[in-house]
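Here is a short report on one protein model. Keep the sequence and the 3D view open while reading.

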Amino acid sequence: MLTTQSIFDRYQEVRARFPHVMPRDGSLVIQSLMDIADQVDAFVFDAFGVLNVGETMIPGADTRLDQLRERGCEIRILTNAASYDRSGAIAKFKRLGLRMKDEEIITSREAALQHLGSGRWGVIAADTDPLTDLPVQVTRLKDNSDVYDEVDQFLFLSTADWTTARQNLLMSSMQRRPRNLLIGNADLAAPRDDGFSVEPGHFGHQIADLFPDRVQFFGKPFPEVYELIEASLPSLRPDRIAMCGDTLHTDILGAVARGWQTVLVTQDGLFAGHDTQPFSKQARLFADWRLSRI
C-alpha cells in the first residue's frame, strides 16, 4: 500500500535522475499567498493536493486565485496529469469550479508530445483516451506480447488501465530489444479522495532502474514543463515566479532548479497529516515558504 513515507523514500532513491539543486536549510511560514503577493508576479499551481483532491476542489482555492488576479498576479496551472488531452484537462479544471483561461493551463502531456519522433509508438493510455492529439502512428499496448515487440518506441500516458502483468510484458519486451520510453507523467503517486493512486513515474522508474539511458521523463521536476511556463510569461524574470505545490521532489525541486521561488502546501497533498519538516530536513529540500492551504 502506498504511504507518504514509502513515496518519499522512492523519490529519494531515484533522485539522482532529477535536476541538481543546492541544499537548503529552512522555510518561512505564511498564512496565505496574499502574504507574499507583492513579491511574486506569477503564481504557478500544482493541481492535486493544492487546488483539488481527486474530483473535489479544495475549499477556497477558486477565491484565492481570483484574489491574486485582482492583485495583478499572473496565474498558471502546471499539472503532471497526462491521462487526457489538452481539451480534457481544460474541461476538468472548469468542472471543478475553477475560473481559468485556457492558456493558463499547461500539462506534462504537452511537453511529452513535443518530443515524439518518427516510427510507430506503443502507447499506454486510458481506454477512454482517443489519442487524437498524438501526431504519430500509435498502437495501444494491452495484453498481446507480440504488439510490444512490433513498435519502435513507447509512450506512457496513464495508469488507468495498466496492470502488473502488462508492466511485465513491457519489461520483457525492453529486455529483448531496448527502445526509448517516454513517461508523460513523472509523478510516482497522486493524492486521491481515498488514498494515493500509482502514476506513470512509478512504472517508468522501474524500467529506468534497468535501462537508465532509454527512459525520459516529462513533467515536474524535469525542465521541459518549466520551459513551457516561462515561454508563456516571456516578460517575467524567473525569480518573480512562484511554484505552489505539495511534493518536495517534483514541485519544489524542479522550481528551485529553474531559479523560481517556491511554496510548499501541506494540508491536503502528499504530506497530509504529517509534519513536513523531518522530510525536508532528510531531503535537504526546503521551499521558500510553507503554508497549510493557499
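## Basis of the model

This is a predicted model, in which local features need pLDDT of at least 70, side-chain atom pairs count only at pLDDT 80 or more, and totals for chains, interfaces and linings use all residues. Residues are numbered from 1 along each chain as its sequence is written, and side-chain values use heavy atoms, with hydrogens and water left out.

Helices (H or I, at least four residues) and strands (E, at least two) are DSSP runs, numbered from the N terminus. Two strands pair if DSSP finds at least two bridges between them.

Seven strands form an open sheet: 7 strands in the order 1-16-15-14-2-5-6, with parallel pairing. Strand 1 (28-29) and strand 6 (105-107) are the edge strands, each pairing on one side only. Within the sheet, strand 14 and strand 15 are joined in the parallel sense by 4 bridges. Ala242 stands opposite Gln261 of strand 15. Helix 9 packs on this sheet and touches strand 14 and strand 15. The direction of helix 9 makes about 165° with that of strand 15.

How many residues of strand 15 are buried? The count is 5 of its 5 residues. Buried means under 20% relative accessible area, exposed means over 50%, and partly exposed lies in between (1.4 Å probe, protein chains only). Both faces of strand 15 are covered. Gln261, Val263 and Val265 are on one side, with Thr262 and Leu264 on the other.

## Helix 9, an enclosed helix

The buried residues are Leu248, His249, Thr250, Asp251, Ile252, Leu253, Gly254, Ala255 and Val256.

What covers them? The cover includes helix 1 (4-13), helix 8 (223-232) and helix 10 (276-283). Strand 14 (241-245) and strand 15 (261-265) are also among the covering elements. Just after helix 9, Gly259 takes a positive phi of about 85°.

Two packed helices are described by the angle between their axes and the distance between the axes. Here the axes are lines fitted to C-alpha atoms, for helices over the stretch in contact, and angles run from 0 to 180 degrees between N-to-C directions. Contact means heavy atoms within 4.5 Å. Angles under 35 degrees count as roughly parallel, over 145 as roughly antiparallel, 65 to 115 as roughly perpendicular and the rest as oblique.

Helix 1 and helix 9 pack at about 45°, with axes 11 Å apart. The two are therefore oblique to each other. Phe8, Tyr11 and Gln12 of helix 1 meet Leu248, His249 and Thr250 of helix 9. Ala, Val, Leu, Ile, Met, Phe, Trp, Tyr, Cys and Pro count as nonpolar, Asp, Glu, Lys and Arg as charged, and the others, Gly among them, as polar. By class, this contact has 3 nonpolar, 3 polar and no charged residues.

Helix 8 and helix 9 pack at about 65°, with axes 10 Å apart. Helix 8 contributes Pro223, Tyr226, Glu227 and Glu230 to the contact. Helix 9 contributes Thr250, Asp251, Gly254, Ala255 and Arg258. This contact has 3 nonpolar, 2 polar and 4 charged residues.

## Helix 6 against helix 7

Helix 6 (residues 164-176) and helix 7 (residues 200-210) pack at an angle of about 25°, with their axes 11 Å apart. They are therefore roughly parallel to each other. Gln167, Leu170, Met171, Met174 and Gln175 of helix 6 contact Phe203, Gln206, Ile207 and Leu210 of helix 7. The classes are 6 nonpolar, 3 polar and no charged residues.

## A hairpin and an exposed proline

Strand 11 (residues 189-192) and strand 12 (residues 195-198) run antiparallel, joined by 4 bridges. They form a hairpin with 2 residues between them. Pro191 stands opposite Phe196 in strand 12.

Pro130 lies in the loop between strand 7 (120-124) and strand 8 (137-140). Its relative accessibility is 51%, so Pro130 counts as exposed. Pro130 and Tyr148 are 18 residues apart in sequence and 20 Å apart in space, C-alpha to C-alpha.
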